[in-house]
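Here is a quick tour of a protein fold, written for someone who likes to know the cut-offs. Have the viewer open as you read.

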Amino acid sequence: MGMAVSLDLADDLPVPELERLADGVFDWLRVVDTIFSTYKPESEISRLGRGELRRADCSPVVGEVLDRCAELWRETDGYFDINAGGRLDPSGYVKGWAVQRACDRLLAEGSANHCLNAGGDIFVRGAPGGRSRWRVGIRHPWEAMSVAWVLEVTNTAVATSGTYERGNHVLNPFTGAPATALRSVTVVGPELGTADAYATAALAMGMRGLDWLATLPGHECAVVTEEGQAMRSPNLPVAPSAHLT
């Protein structure tokens with residue numbers, strides 16, 4: 001889907017086994033890209049959006065994703081809308097869902113310590129050698145080589161939606177206008193697909209998204225506004241002495 005993906009396997013396993021696990025992750029992500037990429041006219045989701053393919057004729061995962069997106073539309077009061085741009089585009093959920101599914105497969109196949117990062121949406125499990133948690137940097141929304149916060153997390157999803165790389169690509173589905181009030185929204189929670197969708201919805205809401213994020217049970221957040229204000233929830237797992245500068 002046009003993004004960089006990195007995988008860190010921190011398990012004490014033989015190299016051939018680590019290579020097998022890594023190959024499985026990237027094979028899965030290629031399958032997801034083939035089915036869901038909105039950049040490929042021959043993908044199932046593109047053909048479904050054009051009416052060339054019926055949902056019943058799609059891969060089972062398409063129905064799974066669309067059903068969850070419908071639930072997220074209700075959970076976000078309509079702000080997570082996969083049709084907001086005038087075409088079917090569930091990418092705001094698919095990326096996180098695909099990474100979460102890959103990490104769940106890794107656990108089932110014997111990897112208890114890993115970090116998978118797809119375009120800034122991250123799931124970590126266990127910890128790297130010699131540490132109790134992973135350290136995850138949230139990119140500074142104006143300075144590409146700096147971080148706004150550093151988190152210390154384990155068994156956790158970290159999803160960020162922002163305007164600093166792709167411009168104002170998230171729309172307010174009720175007005176059709178680009179969402180411009182927030183520069184960056186990060187949501188931390190137990191499952192990456194949901195965290196990804198929540199971050200996208202909050203960005204679409206604009207300033208109203210700050211109050212909405214505070215109502216989400218089991219999730220923490222960090223937000224930077226277009227005017228440069230930085231805010232975070234009280235229990236965001238920030239590493240000591242790591243903050244926006």
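## Ground rules

This is a predicted model, so local features need pLDDT of at least 70 and side-chain atom pairs count only at pLDDT 80 or more, while totals for chains, interfaces and linings use all residues. Residues are numbered from 1 along each chain as its sequence is written, and side-chain values use heavy atoms, with hydrogens and water left out.

## The open sheet

Seven strands make up an open sheet in the order β1-β2-β3-β6-β7-β8-β9, with antiparallel pairing. (Strands are DSSP runs of E, at least two residues, and helices are runs of H or I, at least four residues, numbered from the N terminus; two strands pair if DSSP finds at least two bridges between them.) At the edges stand β1 (5–9) and β9 (230–232), each with a single partner strand, so one side of each has no neighbour in the sheet. On average, neighbouring strands are turned by 10° against each other, direction ignored. (Axes here are lines fitted to C-alpha atoms, for helices over the stretch in contact, and angles run from 0 to 180 degrees between N-to-C directions.)

Now for the pairings. Strand β3 (residues 121–125) and strand β6 (residues 156–162) run antiparallel and share three bridges, with I122 opposite V158 in β6. Helix α5 (residues 192–205) packs on the sheet, touching β3, β6 and β7 (182–189), and its direction makes about 25° with that of β6. Six bridges link β6 to β7, again antiparallel, and A159 has V187 in β7 as its bridge partner. Another six bridges join β7 to the antiparallel strand β8 (residues 220–225), where T186 faces A222. As for cover, eight of the eight residues of β7 are buried (under 20% relative accessible area; exposed is over 50%, partly exposed in between, with a 1.4 Å probe and protein chains only).

## Helix α1

Helix α1 (residues 15–36) has 22 residues and reaches 31 Å from first C-alpha to last, close to the 32 Å expected at 1.5 Å a residue (the expected span is 1.5 Å times one less than the number of residues). Its buried residues include L18, V25, W28 and F36. Among the elements covering them are β1, α3 (60–75) and α4 (91–108), where contact means heavy atoms within 4.5 Å.

## The largest pocket

About 1,200 Å³ of space lies in the largest pocket. (On a 1 Å grid over the protein atoms alone, a pocket is an open set of points with protein on both sides within 12 Å along at least five of seven lines, a cavity is a set where a 1.4 Å probe fits but cannot get out, and lining residues have an atom within 4 Å of a point. Grid points are joined across faces, edges and corners, and the volume is the space filled by probe spheres set on the points.) Of the 45 lining residues, G92, K95, S161, R166 and H169 are the closest to its centre.

Strand β4 gives the most to this lining, with five residues.

## A look at T225

Leaving aside neighbours within four places in sequence, T225 is in contact with W142, A181, L182, R183, M207 and M231.
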